[in-house]
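Subject: Structure handover and what was found in it

Hello,

Here is the structure I promised to pass on to you, and below it you will find my notes on what turned up. Please keep the structure open while you read, so that you can look up each residue as it comes.

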Amino acid sequence: MLRLGAYGAAGAILSSAASSSTVPSLLMPTSPLSGAPNPTPLIQPQAPSSPIGVDPQLFARAKAALDSHKIYARDTIGIVDFSKPSSEPRFHLVDMASGAVESFRVAHGRGSDPDHSGFVEKFSNNFGSYASSNGAYTTADYYDGKYGLSMKVRGLDWSNFNAEPRAIVIHNAWYAEDDMISVHGKLGRSEGCFAMSRENQYKVMRKLAGGRMIYADKLA
């Protein structure tokens, strides 16, 4: 988890629309989506009602959030199923045209799992909670911080509107590498950020850059 001060002295802020000389080309969004005045949400072919590997109820909630928040970039979305333990791939990238899914492990906040059981027990939007928050997010700027190139997110719901001032971001971390599973049976905990392995973080940032949506929740 990156504390708020990391946005300043810890690293220069890099725009997600920055040139490829600043942000590696493999991390640039596949199609620039910024700069359109009052954009109308893109109409995409509908993905299957239940993409393989994603809970149907959670997918339905994510689609509803996509519409209610009038997200412009609708080709790919992220769905985080915090019903699953951190040992399982639970950060799903869903192609909304084909229904194809890529899934990755992601850590949750230590305030959400005080006993370090590997499961999310609660959410919080409060400062100092070090917990994960549920709800819809959009991706924002790249920046260079404590964990290297990372990406800010903005909370769109009452349950996560403090995400940006709390410095909730997508970043990599040693405790979120896949080899933690063979040693500990679960990932380590963040301070509320979407922490994952370096390899997976780059894949996720590239696919979700440009204001695309992440929907995170727990069904039970």
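Glu-199 and Lys-203 both belong to helix 3, where they sit four residues apart, or about one turn of the helix, and their side chains meet in a salt bridge with an N to O distance of 3.6 Å. Glu-199 has a relative accessible area of 55% and is therefore exposed, whereas Lys-203, at 38%, is partly exposed. Please bear in mind that this is a predicted model.

The structure holds eight salt bridges, and two others deserve a look. One of them joins the side chains of Asp-75 and Arg-212, at 2.8 Å from N to O. This pair links distant parts of the chain, since Asp-75 lies in the loop between helix 1 (56-68) and strand 2, while Arg-212 lies in the loop between helix 3 and strand 9, 137 residues apart. Arg-212 counts as buried because its relative accessibility is 1%, and buried means under 20%. Another salt bridge is formed by the side chains of Arg-154 and Glu-164, at 3.2 Å from N to O; here Arg-154 is in strand 6 and Glu-164 is in the loop between strand 6 and strand 7, ten residues apart. Arg-154 is partly exposed, with a relative accessible area of 37%, and Glu-164 counts as partly exposed at 26%.

Strand 6 itself is mostly covered, with seven of its eight residues buried. On one side of the pairing, strand 5 and strand 6 run in the antiparallel sense over seven bridges, and a hairpin of two residues joins strand 5 to strand 6; within this pair, Tyr-143 stands opposite Ser-150. Strand 6 is also joined by two bridges to strand 7 (residues 169-172), again in an antiparallel arrangement, and there Met-151 stands opposite Ile-170.

Ile-170 leads on to the nonpolar core. Which residues of the largest nonpolar core touch the most other members? They are Val-80, Phe-91, Ile-170, Phe-194, Val-204 and Ile-214, out of 23 residues in that core. Among the elements that give two or more residues to this core are strand 5 (135-145), strand 6 (148-155), helix 3 (198-208) and strand 9 (213-217). A second, separate core has 14 residues, including Val-54, Ile-79, Val-94 and Tyr-215. As for Ile-170, its contacts beyond four places away in sequence include Met-151, Phe-194, Val-204 and Ile-214.

A search of the whole structure finds four aromatic pairs. In one of these, the ring centres of Phe-82 and Phe-123 are 5.9 Å apart and the planes stand at 55 degrees, so the pair is tilted. Phe-82 counts as buried, at 1% relative accessibility, but Phe-123 is partly exposed, with a relative accessible area of 24%. In another, the rings of Tyr-137 and Phe-194 have their centres 5.3 Å apart and their planes at 85 degrees, which means that the pair is edge-to-face. Tyr-137 is in strand 5 and Phe-194 in strand 8, 57 residues apart, and both of these residues are buried. Together with Phe-91, Tyr-137 and Phe-194 form one aromatic cluster.

Finally, there is a charge over a ring to look up: Arg-110 lies over the face of Tyr-130, at 4.2 Å from the ring centre.

With best wishes

Note on methods: Residues are numbered from 1 along each chain as its sequence is written. This is a predicted model: local features need pLDDT of at least 70, side-chain atom pairs count only at pLDDT 80 or more; totals for chains, interfaces and linings use all residues. Side-chain values use heavy atoms; hydrogens and water are left out. A nonpolar core is a set of buried Ala, Val, Leu, Ile, Met, Phe, Trp, Tyr and Cys residues joined through side-chain atoms within 4.5 Å. Buried means under 20% relative accessible area, exposed over 50%, partly exposed in between (1.4 Å probe, protein chains only). Contact means heavy atoms within 4.5 Å. Two strands pair if DSSP finds at least two bridges between them. Rings of Phe, Tyr and Trp (its six-membered ring) pair if their centres lie within 6.5 Å; planes under 30 degrees apart count as stacked, over 60 as edge-to-face and the rest as tilted. A charge sits over a ring if NZ of Lys or CZ of Arg is within 6 Å of the ring centre and within 35 degrees of the ring normal. A salt bridge is a side-chain nitrogen of Lys or Arg within 4 Å of a carboxyl oxygen of Asp or Glu.
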